[in-house]
Amino acid sequence: MSKALRTTRHALVAAVATAALSVTLTACGSGSSSGSGSGSGHTSPMPGAPSPSASASASAGDMAAMPGMNTADTGNGLAAAKGGYRMTSSATTLAAGKATGYRFAVTGPDGKPVTGFAVEQTQRMHFYAVRSDLTGFQHVHPAMAKDGTWTAPLAALEPGTWRLYASFIPDSGSGKGKDFVLSRTVKVPGMAMTTPLAKASGTTTVDGYTVAVKGALMVGMAHQLTATVTKDGKPVTDLQPYLDTYAHLTAFHQGDLAFAHLHPQTEADGDHGGPALTFHAEFAQSGNWRLFLQFRTAGRLHTAALTLHVD
């Protein structure tokens, strides 16, 4: 789906929504960076105990007795099956402390593995991993075998419960052109160490860069969020393209780990992005959202962790 179509879709949602709540944007914590490449990830210790989602839209027959599946679905990435498409995997546990590959497939309404996917932000599949306490974030791009089996290359995982998300757009069939985010959970054995989520603040730093966010948002409506990047008090203007834009933004809701992909409005045009980056932001529910902003400078990918509190 093109950025123009995404913008139109979000504008239509905003025009008909009736919510009139306000959002207080705050930022907290710090992120660490990894080397360049599509398989980069971010891990840091910081928790929050998850609670099950309240609504279930998938039928019991569609969701029953599959390992790692959470039957709750609020339409925001918390189900393994939706609209006839299903994320399948035999893995219910992954080893702690070492790099590993998570194997999965996406089946279509006919029950067969889907092998045709549209390219979105340079990739046919975006894959995310986050621990139940909103730490250990990884964003990677799996490789697909001819039979439709994907392998996501994950960096070392800390013990605990992890939710794994597959974000994709089929390029044929009943789901052609539609965004899907499906997810499953896995356990990583060992003693899970948790720390309360850091107190909110207006900015965060990563690798010497300061990231500040602002925007007037309302629950359930698409509005503009702006992230500004500075270094040593000076505006950063040498951001390099990353996934066809100058920054990638993903958010997860504290408690149930609901997913929100915040779509970029700033298209990349050479190695001179920044300091301000704009996004379409839409949050379906109130509470704390942990946001991960990824941007590249001098060939290095940085991941800044921010907390948004939505009233």
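This is a predicted model: local features need pLDDT of at least 70, side-chain atom pairs count only at pLDDT 80 or more; totals for chains, interfaces and linings use all residues.

Student: In what order do the 4 strands of the open sheet stand?
Tutor: β6 (138-140) and β10 (180-188) each have a single partner strand, so these two stand at the edges. The pairing is antiparallel, and the twist from one strand to the next averages 20°. The order is β6-β5-β9-β10.

Student: Which residue in β10 is the bridge partner of Ala166?
Tutor: Strand β9 covers residues 160-168 and runs antiparallel to β10, with 9 bridges between them. The partner of Ala166 in β10 is Leu182.

Student: Which residue in β9 does His126 stand opposite?
Tutor: Strand β5 takes in residues 126-131. β5 and β9 pair in the antiparallel sense over 6 bridges. The residue opposite His126 is Ser167.

Student: And which residue in β6 is the bridge partner of Ala129?
Tutor: β5 also pairs with β6, again in the antiparallel sense, over 3 bridges. The hairpin of these strands has 6 residues between them, and Leu134 there takes a positive phi near 70°. The partner of Ala129 in β6 is Gln138.

Student: How many of the residues of β5 are buried?
Tutor: Both faces of the strand are covered. On one side His126, Tyr128 and Val130 are buried, and on the other Phe127, Ala129 and Arg131 are buried as well. The count for β5 is 6 of 6.

Student: What kind of aromatic pair do Tyr102 and Phe127 form?
Tutor: A search of the whole structure finds 18 aromatic pairs. For Tyr102 and Phe127, the centres are 5.8 Å apart and the planes make an angle of 40°. Planes under 30 degrees apart would count as stacked and over 60 as edge-to-face. At 40° the pair is tilted.

Student: How many residues apart in sequence are the parts that this pair ties together?
Tutor: Tyr102 is buried at 0% relative accessibility, and Phe127 is also buried, with a relative accessible area of 0%. Tyr102 lies in strand β4 (residues 100-107) and Phe127 in strand β5, so the parts they tie together are apart in sequence by 25 residues.

Student: What is the angle between the planes of Phe117 and Trp150?
Tutor: Phe117 sits in the loop between β4 and β5, and Trp150 in strand β8 (residues 149-154), 33 residues apart. Phe117 counts as buried at 4% relative accessibility, and Trp150 counts as buried at 1%. The two rings are 5.4 Å centre to centre and form an edge-to-face pair, with an angle of 75°.

Student: Which residues form one aromatic cluster with Tyr102, Phe117, Phe127 and Trp150?
Tutor: Those four residues belong to one cluster.

Student: Which residues touch the most other members of the largest nonpolar core?
Tutor: That core has 30 residues. β12 (209-214), β13 (223-231), β15 (248-253), β16 (259-264), β17 (276-281), β18 (287-297) and β19 (300-310) each supply at least two of its residues. Apart from it lies another core, of 25 residues, among them Ala91, Val140, Ala152 and Leu164. In the largest core, the residues asked for are Phe279, Phe283, Leu293 and Phe295.

Student: How far apart in space are Ala156 and Thr100, C-alpha to C-alpha?
Tutor: Ala156 lies in the loop between β8 and β9. At 34% relative accessibility, Ala156 counts as partly exposed. Ala156 and Thr100 are 56 residues apart in sequence, and their distance in space is 7.0 Å.

Definitions and conventions
Residues are numbered from 1 along each chain as its sequence is written. Side-chain values use heavy atoms; hydrogens and water are left out. Two strands pair if DSSP finds at least two bridges between them. Axes are lines fitted to C-alpha atoms, for helices over the stretch in contact, and angles run from 0 to 180 degrees between N-to-C directions. Rings of Phe, Tyr and Trp (its six-membered ring) pair if their centres lie within 6.5 Å; planes under 30 degrees apart count as stacked, over 60 as edge-to-face and the rest as tilted. Buried means under 20% relative accessible area, exposed over 50%, partly exposed in between (1.4 Å probe, protein chains only). A nonpolar core is a set of buried Ala, Val, Leu, Ile, Met, Phe, Trp, Tyr and Cys residues joined through side-chain atoms within 4.5 Å.
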